[in-house]
Amino acid sequence: MRFSSAYLLASAGAAAGVGAPAGLQEAHAVAMHAWRYIALGDSTTSGEGLGYGMVFNSSWTPLPKVDAAFEPDSLQQGLDLEGTTGQDILKWLSPCDFEARPDFNKMPTKYKVLNALLETPAVQLGLCHAATFWSAPANDLGIWAPGGEACHRSALSYPFILRAQLKAGSHFSSQSCSGASIPNGVVAKQVGPKPESSAPVGPQFGNYTLGDINVEFDRLNPNLVTLGIGANDAGWAGALQYCIVSTTAKAIAGALSGTAAAVFTDFASLAMGLLFGPEASTSWQDGDCTLANPGPVAGSSLAALEGLDESIAEVVDWIYLHKAAASQRQRRLGAPAEQVEAAGLTVLVQTYYAALPHGDQAPAFADCPDVLMFSKANLDLFNEFEDRLNAQIRAAIVLANSANSQRDVRELNLEAVFSGHELCSADPWAYGPSILLKSLFHGTFKDTSGPGLGLINAVAHPTLEAHAVFAAAAAQLVSTA
């Protein structure tokens, strides 16, 4: 029995604490022949963030301005921060959850300045209210597709939705994994940032030259592949996380003076070094994360884009070489012609959506917490990165098709269908950075099962509404293949 995509969406949505997006209740299967479909890619393809069931709070309104002074002059300068850990820092950041936080009087002196800052009415009320911009996670630990827990692979992601719209008799497998890049996940096994707690996964496709091909890929011999890769090859997730922390820390430091400024700067430098490496302990003070001064982390990401087109094109080359070899093997074994379909392989290579706002000015944090402390110069850097990344991907598609006129490599343009739903729009289709406030200030920072620190991975990733539209765009392309 084949279920409709609407039924699959509603069932999966109920399990994850979310419903099917409006307009999909009457979705119909795409009228075409049966497909053997495999999805390869990173967190966009896997559905990172969907498992938590967060929903945008469309009724959210800014708070009236609250003025309050902060003068912790009694605190001493030069407090010793040696030996502090990242977990120590997170432990004390809980101004919206008073019962969970230890007694202020028992707090180490080096943290009192930070908590005194957070507990002023202007800051505390603003941060606590900003943390309601998105609903609290329905599932702190996340609900993921069976077998996809380590990869944060969701049954609500666009490959699963597309599969539900394909003709009965189609076969499907998603190998996509949050955090994947070409060398770390697609052509070789993926080793996450916490290899001691999770075994390597993959490879999603494998190394054709070495004959090391994913067993499921080889078995299915797909005639439809979606490939969403590139952002992690340039280290963009880490760069965005760095810029979120860097700009926020610099804004807070700039609002302080005297003892408070000195102690907070020491604290922030320690945190930056722990999270992003020794160089970051000083670079954040220079006002980086702009095109004029990208800084060491974002600058490395921009530089890493060079030559990405050739790397992506090589993966597509290998996929087509494997298809030809697998089809020949199936013929020799006497497989029916309809199972071979030697000439039939369509590869949809996705370009990325632009999640962050565009415009002449950056929205104010009080009006849109998802912009955090980003300036227009910061947003210009992020959007320039997206433009350069997509240019590399489009160049890869041209390279791949130019290698053989029989190939059918197409762009799955997520940017076009996402446009108008950036963060700070009336209907955002990406989880905003303000969910980090939810994680830190409301204690919902529990999911450490996947590659990273749980909810922090959801930032800037597409919502269920976006995945539904991505699937529709893919279905339109497939219908003409």
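These questions and answers cover a few residues of a predicted model.

Trainee: Why is Gln 350 called buried?

Mentor: Its relative accessible area is 0%. Buried means under 20%. Gln 350 therefore counts as buried.

Trainee: Where does Gln 350 sit?

Mentor: In strand β6, which spans residues 346-351.

Trainee: What makes the pairing of Gln 350 with Tyr 158 a polar contact?

Mentor: The two side chains come to 2.6 Å. The cut-off is within 3.5 Å, for N or O atoms that can donate and accept a hydrogen. The side chain of Thr 45 also makes a polar contact with that of Gln 350, at 3.4 Å.

Trainee: Which other residues does Gln 350 contact, leaving aside neighbours within four places in sequence?

Mentor: Among them are Asp 42, Leu 227, Gly 228 and Ile 393.

Trainee: What does Ile 312 touch, not counting residues up to four places away?

Mentor: Ile 182, Leu 227, Ile 229, Val 349, Ile 393 and Ala 396. Ile 312 belongs to the largest nonpolar core, which has 110 residues. Along with Leu 240, Ile 319 and Phe 382, Ile 312 touches the most other members.

Trainee: Why is Cys 424 called partly exposed?

Mentor: Its relative accessible area is 27%. Buried needs under 20%, and exposed needs over 50%. The value falls in between, so Cys 424 is partly exposed. Cys 424 lies in the loop between α15 and α16, and its phi is positive, about 80°.

Trainee: Is Cys 289 buried or exposed?

Mentor: Buried, because its relative accessible area is 0%. Cys 289 has a positive phi near 65° and lies in the loop between α10 and α11.

Methods
Residues are numbered from 1 along each chain as its sequence is written. This is a predicted model: local features need pLDDT of at least 70, side-chain atom pairs count only at pLDDT 80 or more; totals for chains, interfaces and linings use all residues. Side-chain values use heavy atoms; hydrogens and water are left out. A nonpolar core is a set of buried Ala, Val, Leu, Ile, Met, Phe, Trp, Tyr and Cys residues joined through side-chain atoms within 4.5 Å. Buried means under 20% relative accessible area, exposed over 50%, partly exposed in between (1.4 Å probe, protein chains only). Contact means heavy atoms within 4.5 Å. Helices (H or I, at least four residues) and strands (E, at least two) are DSSP runs, numbered from the N terminus.
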